[in-house]
Amino acid sequence: MPQMTAPQFAARKGSRDKLAVLTAYDYPTARLVDQAGREEGGGVDAILVGDSLGMVVQGRTSTLGVTLDEIIYHAEMVGRAVEHALTVVDLPFPINHRDPAGVIAAAARVLKETRCQSVKLEGGVAQADSIDALVTAGIPVMGHVGLRPQSVHQLGGYKVQRDQERLVADAVSAAQAGAYAIVVECVPPDVGRAITEAVAVPTIGIGAGPHCDGQVLVVNDMLGLTTGYVPKFARQYAALGDEVRRAVGAFAADVRRGEFPPGG
Ligand code: KIV
């Protein structure tokens, strides 16, 4: 099966076949995420190298410290691992506030230095010129509206965003500027529905209710690997953290008892 492209992803707008997206930050995880479900004709449609890596991989309290070099380091591993899903790379803070030429320079590094296919940019109305410039330069862009973690201090915390008029305007601006899809984070379900109805490209919800065209989760949250705060909306599909604790404890106990390696 050839790798998903941004136009194919965009063409799933309004489809009953909703889009499934997960994050990944390293080669083995990306490989597993990309391969899972393929034999049954399923699997995820896109893999996002999110700047959430600042929190779930680097152990920071926000995404603000992630640098372009760091995200490229992770995206390079993910790009090498993925054969099927569309690959998307977050542009870390404060690249989305540079002028369009600065945004293109950063996004071009992502495409030149990794095998990933597109970038994601937080913002809406204020970022429309940059989105337009990226698309004109041939770089597919996923927008991101609602709770924008890079603006956590301005928003006063990781809070549900309720200003429907502003949020719809942000999404419409991003879509009209050429974004091929839009992440909608942490809004009430009726706002998620209003945004989805207002734009002609797929909306990918995270804590945005059931009406979006797809859903995204942070892979560490859904696998039970996150050791810090996990948002309430993140459904846990496995408890790998517990399994790691059990396995490491068993190894240490075996070594102390002289039961590993065998034959001692
Ligand atoms: O950084 C990230 O992982 C994201 C997703 C939560 C959408 O932006």
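How many disulfides does the structure hold? The structure holds 0 disulfides, a disulfide being a pair of cysteine sulfur atoms within 2.5 Å. For Cys186, the closest cysteine sulfur belongs to Cys212 and is 12 Å away, too far for a bond. Cys186 is buried, with a relative accessible area of 10%, and Cys116 also counts as buried, at 5%; buried means under 20% relative accessible area (1.4 Å probe, protein chains only).

The model is predicted, so that local features need pLDDT of at least 70 and side-chain atom pairs count only at pLDDT 80 or more, whereas totals for chains, interfaces and linings use all residues. Residues are numbered from 1 along each chain as its sequence is written, and side-chain values use heavy atoms, with hydrogens and water left out.

The shell around the ligand, comprising residues with a heavy atom within 4 Å of the molecule, includes Thr23, Leu48, Gly50, Asp90, His144, Val183, Ile206 and Val216. Asp51, Ser52 and Lys120 also belong to this shell, which divides into 4 nonpolar, 4 polar and 3 charged residues; Asp and Lys count as charged, Val, Leu and Ile as nonpolar, and Gly as polar.

Ligand oxygen atoms lie 2.5 Å from a polar side-chain atom of Ser52, 2.9 Å from one of Lys120 and 3.1 Å from a side-chain N or O atom of Asp51. The protein buries 96% of the 260 Å² that the ligand exposes when taken alone, with accessible areas from the Shrake-Rupley method and a 1.4 Å probe.

Terms used: A polar contact is a pair of N or O atoms within 3.5 Å; within protein, one must be able to donate a hydrogen and the other to accept it, and residues adjacent in sequence count only if both atoms are side-chain atoms. Buried means under 20% relative accessible area, exposed over 50%, partly exposed in between (1.4 Å probe, protein chains only).
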